[in-house]
Amino acid sequence: MGSVTLLHQRDSLGHHVIMVPDRAWALFLNYHFTDGPLKGLSAFVGTNYVSRRAGDIPSPAFTPLGVPTQVSYYLPSLQLWNLGARYAWNKQVTTALNVDNVFDKKYIGLSSGRFLGGVGTPLNIRLTTTYSF
């Protein structure tokens, strides 16, 4: 499964909109074993990409000479990878392993609001077991 987004979103003065990339794409591959010794196992890999994004909204909108101000900084493009596996022991019990940000890429998650300068999610490993009743 995949998606691609191509935008050219600007405000009325031609400024990039804060945190909106011009290009973004994602890809997710998932394989389910349906028979044999690995029946019940599924594994996935996923990645997503965003191009550079404006980190702020120019303020004030114009210089004293009436020239539109510019965005002061951009967040760099970013690509993250995730992977995982899930095993269904029976119809009621499953175990899953998820690894987010596999390569432990350091990045700025948000650039505005109450999370100003917040770092993105580091390498995150989760092992879960689910019992359905």
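This is a predicted model: local features need pLDDT of at least 70, side-chain atom pairs count only at pLDDT 80 or more; totals for chains, interfaces and linings use all residues.
Two strands are said to pair if DSSP finds at least two bridges between them.

I begin with the strands. Strand E1, covering residues 2–6, and strand E2, covering residues 23–32, run antiparallel and are joined by five bridges. Within this pairing, Leu6 stands opposite Arg23 of E2.

E2 also has strand E3, residues 41–50, as a partner: the two pair in the antiparallel sense over nine bridges. Here Leu27 has Thr47 in E3 as its bridge partner.

I now come to the loops. Where does Pro60 lie? Pro60 is found in the loop between strand E4, residues 53–54, and strand E5, residues 74–75. The peptide bond that leads from Ser59 to Pro60 is cis, its omega being near 0 degrees.

Another loop, between strand E7 (93–100) and strand E8 (124–131), holds Asn101. Asp104 also lies in the loop between E7 and E8. Asn101 is not a glycine, yet its phi is positive, at about 55 degrees. Asp104, likewise not a glycine, has a positive phi of about 50 degrees.

Is Asn101 buried or exposed? Its relative accessible area is 3%, and because buried means under 20%, Asn101 counts as buried. For Asp104 the relative accessibility is 29%, so this residue counts as partly exposed, a class that lies between the 20% and 50% limits.

Technical notes
Residues are numbered from 1 along each chain as its sequence is written. Side-chain values use heavy atoms; hydrogens and water are left out. Helices (H or I, at least four residues) and strands (E, at least two) are DSSP runs, numbered from the N terminus. Buried means under 20% relative accessible area, exposed over 50%, partly exposed in between (1.4 Å probe, protein chains only).
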